Amino acid sequence: MLFSYRSNFLQPLKLEPNLRRLRAFLGVVQEGSVHRAAEALHLTQPTVTRAIQKLERDIGHPLFERTSTGMTATPIGLAAARRAARALGYLQAAENELARLLGGDADAARGAPRIAHALTSRHLQALTALSEQGTQSAAAATLSLSQPAITQALSDLERLVGTPLLLRTSRGMAATAAGEILLRRGKLALAEITACASDIAEHLGAITGTVAVGVLPICGTLLVPRAVNRLLRDHPDLRVMLVDGPYDTLLQKLREGQVDVMVGPLRDPCPADTRQEALFDGALSVIARQGHPLSRHRELTLAELSRWEWVLPSRGTPARAIVERVMARAGVPMPPNPVEADALATLRALLMESERVAMISRHQIYFEERGGMLAVLPVELADTARSIGMTLRADAQPPAGVLSLLGHLRAVGRERLLA
């Protein structure tokens, strides 16, 4: 599920993801003149000049100071150049990975070195839309293009790479190994172009753009909403998207640049190509509806609870593993026929209309406990603490809006949330 919050006060800058213009722009930044950039890129000077002019018109500010000795990037130009270099760097990484993958295919391997210089945003958008939508008609509708245009873009891209990128299956389009490489790196490149607009806005004194947050269940009730509310009070022109889902799904979105940060239980070891930051330790509690017969006890053991019906996390989840470990250490068998549920709304309904009990974090039932709907039972649970925190891509350079959210998450994490 995805939620979006947006102020309409300030229209954020949108940059067209035109890779050819970005290559020309970065060439001028690096070479210091249109003439030298055109020579280095094997383009005509008018082509480079038009690319710079179009970018400056889109942004509304000069990217270069022009003198008799050459061109020097302005502060805004330098900010844009840093993002452009990262975007093109991801495409170079895709080229390198494809060359290794296709090393045994001489014809295909000869095509791989052309990718970083010949790939266009239309190629990437078509590939992404086809992969995500599954059909040409749906992809065309998403991009507001004709089906022949989508087909042609994919055909041109596969000819450029020298190998199929998508295969038709009974369930839609499926990416090949080469397609997965290009999709992952291409999405990151497009995300950097989007972040470029936020960086430019920051230089102009505004914090705008989109902040996408992957939210795991334990943090969806209190930590993330409280931090987001504070973020939007500080920067009302930000657009915030909260995306929930299973850990592996959100991790994939993080790696592809579709979410900026994932908030929830941290993993040990830290997943490859990510970095983690702990905010606080969250333990599990046994809960039941308010007025449950067990709530009258001053002290309970897990053995006494084994006679009651349970609601447990799904098999294979880290939360279920903790429950199983706690039960095993207490010498108590797992409930024989529990209801398995992960969604908080479902869990709440099951508990409210029965005598079942569950073992989850108190953070998840903060408002239900305060509102007198659910209660924590007096059961001592050992060794259920988990590090709760933030996960980002290891190479991420978050724009200002994301950095502000991270600061608010740290501040909320230091508070006594359950006090």
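Helix α3 (residues 45-59) has 15 residues and reaches 21 Å from its first C-alpha to its last, close to the 21 Å expected at 1.5 Å a residue. The expected span is 1.5 Å times one less than the number of residues. Helices (H or I, at least four residues) and strands (E, at least two) are DSSP runs, numbered from the N terminus. This is a predicted model: local features need pLDDT of at least 70, side-chain atom pairs count only at pLDDT 80 or more, and totals for chains, interfaces and linings use all residues. Residues are numbered from 1 along each chain as its sequence is written, and side-chain values use heavy atoms, with hydrogens and water left out.

**Helix α3**

- Val48, Ala51, Ile52, Leu55, Glu56 and Ile59 of α3 are buried (under 20% relative accessible area; exposed is over 50%, partly exposed in between; 1.4 Å probe, protein chains only).
- Seen down the axis of α3, these buried residues fall within an arc of 125°, so they line one face of the helix. The arc is that of the directions from the helix axis to the C-beta atoms.
- The buried residues of α3 pack against α1, α2 (34-41), β2, α4 (75-101) and α10 (177-203). Contact means heavy atoms within 4.5 Å.
- Gly60 follows α3 and has a positive phi, near 85°.

**Annotated spans**

- UniProt places the feature "domain: HTH lysR-type" (unreviewed entry) at residues 17-74 and 119-176. UniProt positions are given in the numbering used here, feature names are shortened, and annotations may be inferred rather than shown by experiment.
- Residues 17-74 are 62% helix and 14% strand, with end C-alpha atoms 21 Å apart.
- Residues 119-176 are 62% helix and 14% strand, with end C-alpha atoms 18 Å apart.
- Ser121 lies in helix α7 (residues 121-133). At 12% relative accessibility, Ser121 counts as buried.
- Leaving aside neighbours within four places in sequence, Ser121 is in contact with Pro17, Asn18 and Leu19.

**Aromatic pairs and a charge over a ring**

- The whole structure holds 2 aromatic pairs. Rings of Phe, Tyr and Trp (its six-membered ring) pair if their centres lie within 6.5 Å; planes under 30 degrees apart count as stacked, over 60 as edge-to-face and the rest as tilted.
- Phe25 and Phe64 form an edge-to-face pair, 5.7 Å centre to centre with 65° between the planes. Phe25 lies in helix α1 (residues 19-31) and Phe64 in strand β2 (residues 64-67), so the pair ties together parts that are 39 residues apart in sequence.
- Phe25 counts as buried at 1% relative accessibility, and Phe64 counts as buried at 3%.
- Tyr366 and Phe367 also form an edge-to-face pair, 4.9 Å centre to centre with 85° between the planes. Tyr366 counts as buried at 9% relative accessibility, whereas Phe367 counts as partly exposed at 46%.
- The charged end of Arg267 sits over the ring of Tyr247, 3.7 Å from its centre (NZ of Lys or CZ of Arg within 6 Å of the ring centre and within 35 degrees of the ring normal).

**Helix α14**

- The 12 residues of α14 (residues 318-329) should span 16 Å at 1.5 Å a residue; the end C-alpha atoms are 17 Å apart, which agrees.
- Arg320, Ile322, Val323, Val326 and Met327 of α14 are buried. Seen down the axis of α14, its buried residues fall within an arc of 160°, so they line one face of the helix.
- Ala328 and Arg329, on the other side of α14, are exposed.
- The cover over the buried residues of α14 includes β10 (284-289), α13 (302-305) and β15 (386-393).
- Gly331 follows α14, with a positive phi near 70°.
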